[in-house]
Every structure is written in structure tokens, then in C-alpha cells.
Amino acid sequence: MLNEEKIKLMTSIAMFEKKEGKRLLPSRCYFKSDYISRHLLIAFFGYTLCCFLGLALWVLYDLETLLGGIDLDKLLIGAVRYLVFYLAGLVVYMLLTAFVYWKRYDHASGSMRIYVAKLKRLEKRYEYQSKVKEIH
């Protein structure tokens, strides 16, 4: 005999897993600080790589100008200016990254609570049906 409520609940759980499955993984596998730190580390290396690639492109583009008149004072001032812009951009990027992944983790943990509640409700339905079958 089919139980319509149980089928609806199982369908709801399956749809929830399909829709939110990838977002639920962080709340199951990591603590919040570990999850955010992991993404901050990835963001740091990505930002640094992009800045170095941008610097390399700029050097290659202006190589003739740089080699034509190398002035050590101007080169040092340019390096310090680039370092200041790099660090300021890095701080802003890291703050944005921390905020985004903080919110993602909170959303995933909230969704995980909903998912677990649905599973517990389904488990209670199975327990109730097995008790009813034992009585009869």
C-alpha cells in the first residue's frame, strides 16, 4: 500500500538534494573558519598570480621605454607604488571574499538543517509504519 504523504516527502527530499546538493557540502565537511580560510587562501594565490601576470604584461609592453632610460629612483618609486596598490587591492579582495564565503556557509548550514529535519520526519514515518506492522 502506497502512502501518499511519504511519497511526497521522499520526492521533496530528492528535489532538495538535486537543487541544493552542491551547496550543502561545505556545511557537512568543514567548520566555518576552515571553510572561509580555505577560500581566502585560494583567493590570495589567485589575486597574487593575476597581479604578477599583469605586471609582466606591463613590463613586456613598456620594455623598450624601461630599457631606454632606466632611472633607479623612478624604478624604485614605481615598485613601491605598485606594491601599495597591490596590498590595498589584496585587502579589499580578501574582505569581499571573506564576506561572500561567510554568507555562503551560513546559507548552506541553514539548508542543511532543513534537509536533516526532512530526513528525520521521513525516518519517523518509517518507524511509525514498522510499529503499526508489528502490532498487526
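Phe85 is placed in helix α4 of this predicted model, and at 57% relative accessibility the residue counts as exposed, because the threshold for that class is over 50%. The C-alpha atom of Phe85 is separated by 15 Å from that of Phe44, a residue 41 positions away along the chain. Phe44 is itself involved in a polar approach to Thr48, in that the backbone oxygen of Phe44 lies 2.8 Å from a polar atom of the Thr48 side chain. Thr48 belongs to helix α2, which covers residues 32–61, and with a relative accessibility of 11% Thr48 counts as buried.

The overall architecture is helical, the protein chain having four helices and zero strands, so that the order of elements read along the sequence is α-α-α-α. The C-alpha atoms occupy a box of roughly 95 × 25 × 15 Å when taken along the principal axes. The radius of gyration of the protein chain is 27 Å, whereas a compact globule of 136 residues would have a value near 14 Å. Of the 136 residues, 21% count as buried, and the chain exposes about 11,100 Å², of which 68% is supplied by carbon and sulfur atoms. Among the contacts between residues at least 6 apart in sequence, 93% join residues that are at least 24 apart.

Helix α1, comprising residues 4–29, bends by about 75 degrees at Gly21. The buried residues of this helix include Lys6, Leu9, Ile13, Phe16 and Glu20, and Leu24, Pro26 and Ser27 are likewise buried in α1. An α-helix has 3.6 residues a turn, so residues three or four places apart point the same way. Leu25, also found in helix α1, is partly exposed, with a relative accessible area of 42%. Leu25 and Lys124 are 99 residues apart in sequence, and their C-alpha atoms are 25 Å apart in space.

Arg23 is a further residue of helix α1, and when its neighbours within four places in sequence are left aside, Arg23 is in contact with His107 and Ala108. The C-alpha atoms of Arg23 and His39 are 15 Å apart in space, the two residues being 16 residues apart in sequence. His39 is found in helix α2 and is buried, since its relative accessible area of 14% falls under the 20% limit for that class. Residues up to four places away in sequence being excluded, His39 touches Thr97 and Tyr101. Within its own sequence neighbourhood, the side chain of His39 is joined to that of Arg38 by a polar contact of 3.4 Å.

The count of salt bridges in the model comes to one, and this interaction is formed by the side chains of Lys32 and Asp106, with a nitrogen-to-oxygen distance of 2.6 Å. Lys32 lies in helix α2 and Asp106 in helix α4, the latter covering residues 72–135, so the pair ties together parts of the chain that are 74 residues apart in sequence.

Notes. Residues numbered from 1 in each chain as written. Predicted model: local features only at pLDDT ≥ 70, side-chain atom pairs only at ≥ 80, totals over all residues. Heavy atoms only, no water. Bend = angle between axes of the 7 residues up to and from the residue. Helix = DSSP H or I, 4+ residues; strand = E, 2+ residues; numbered from the N terminus. Buried < 20%, exposed > 50% of the residue type's maximum accessible area, 1.4 Å probe, protein only. Polar contact = N/O pair within 3.5 Å; in protein donor to acceptor, adjacent residues only side chain to side chain. Salt bridge = Lys/Arg side-chain N within 4 Å of Asp/Glu carboxyl O. Rg over C-alpha atoms; globule rule 2.2 N^0.38 Å. Contact = heavy atoms within 4.5 Å. Areas by Shrake-Rupley, 256 points an atom, 1.4 Å probe, with all protein chains shown as cover.
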